[in-house]
Amino acid sequence: MSRRGVLGRTLAVGGGAVLAGLAGEGLSTRLAYAGEGYTGDTLVVLSLRGGFDGLSAIAPIGDTDYYKARPSIALPKSAVIAGDGTFGLHPALAPLLPLWNDGRFAAVQAVGQPSPTRSHFAAMEEMERAAAGTSLRTGWLDRMLGLTGSTAPLAGVAMGNAMPSRIFGGPTGDVSMASIDDFKLAGESSKRPMAAALRRMYADAPAALAAPALAADRALTASVPLRAEKYAPANNAIYPATPLGEALRDLARLIRSNVGLAAAAVDSGDWDMHEALGAAVKGQRMYDNLYDTSLALAAFAADLGPDGMAKVTVVTISEFGRRVGENGSKGVDHGHGNAMMLLGGGIRGGKVYTRWPTLAPGALADGDLAATTDYRSVIGEILQKRCGFGALDDVFPTITPSSFGLAAARS
């Protein structure tokens, strides 16, 4: 075995290591562990890839132009399961209704980026860099983690996809794994001590070359106790047999193991609904996707329990929203303004926060919902109130946190 051979499986990414060949379809989870000094919430960023239709999930049922623009696919007022008469929750969010009623689930409407684009790649790249108008090239979650003083062997983990995510791009180390149980060196056994050989090969190598391999070795060693015991979700939590369900199950496993998890990013795809978005009933595309997502999030919250969720905040983002008007295929094309969903013990839930611009034709931005709130300001409020950050310039340059009051300050 040679260094070249090992590097065929281990790739240097952002000062850390990514073990290649552990891909998972349609899903990527990256986790990062803070140093002992970090006392804030575990921040979970759920990226709904493809362009989430926030106007279906958190429907503006009090805006008459919503029904004019979507005669076939608008959410009927009679179908909403909660809301305030201005906005209503899609019935597929029913698994999360207890969290809404308990004040631990909220939404923010009409959010977006300062420089909208309808390109999936360009929009997600800019959303994960989150530094419009600057020369920064790192991911914003990497910048956040750098401020926590992360030092643990499992400082960053990508679960479910070997491809590195831009949101973690930068100097903070990270490792990729398909799952906790599958995180091991290929061919490792008592007769083939691959990890020991890895350590010997890189013991005297230059730091730039040795760091990724040795970081992977430390992460492998630190993960051994997690794999030693079969995981049993608490509180009768039942995760759906989906990539998102499996990822959130592993995430809860890490949180409950008290390894010092500071941040996680989970990717879930198939939101690019140009056609057949469907009515708000089971068996229709939007309903089924939203229901599976809700089931996974509800199981995650149940598994952690109220005490665990008191120290966790979940935020959803998507590269862009959908057009206000439905198209000829009874779907919606790429748009701009969107909705974010927030879950956690510190969230002031049961409410939709917004500066609603209306869907009147004259209020639209080139046919799209106008974004009146920068998504970074929403996350910024959470970083300050739940994660213990002061000024945000080192994470989101030039951004002022939102003043919605959507999160309670952590004591």
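1. Side chains of strand E11. In this predicted model, Val312, Val314 and Thr316 point one way from E11, while Thr313, Val315 and Ile317 point the other way, and all are buried (buried meaning under 20% relative accessible area, with a 1.4 Å probe and protein chains only). E11 covers residues 312-317 and is mostly covered, with six of its six residues buried. Strands (E, at least two residues) and helices (H or I, at least four) are DSSP runs numbered from the N terminus.

2. Neighbours of E11. Strand E4 (residues 42-48) pairs with E11 in the parallel sense over six bridges; two strands pair if DSSP finds at least two bridges between them. Val312 of E11 is the bridge partner of Thr42. Strand E12 (residues 338-344) runs antiparallel to E11 and is joined to it by three bridges. Leu342 of E12 is the bridge partner of Val315.

3. Arg143. This residue lies in helix H6 (residues 140-148). Arg143 is buried yet has no salt bridge, and the nearest side chain of opposite charge, Asp142, is 7.1 Å away. A salt bridge here is a side-chain nitrogen of Lys or Arg within 4 Å of a carboxyl oxygen of Asp or Glu; Lys and Arg count as positive, Asp and Glu as negative, and His and the chain ends are not counted.

4. Basis. Residues are numbered from 1 along each chain as its sequence is written. In this predicted model, local features need pLDDT of at least 70, side-chain atom pairs count only at pLDDT 80 or more, and totals for chains, interfaces and linings use all residues, while side-chain values use heavy atoms, leaving out hydrogens and water.

Definitions and conventions. Buried means under 20% relative accessible area, exposed over 50%, partly exposed in between (1.4 Å probe, protein chains only).
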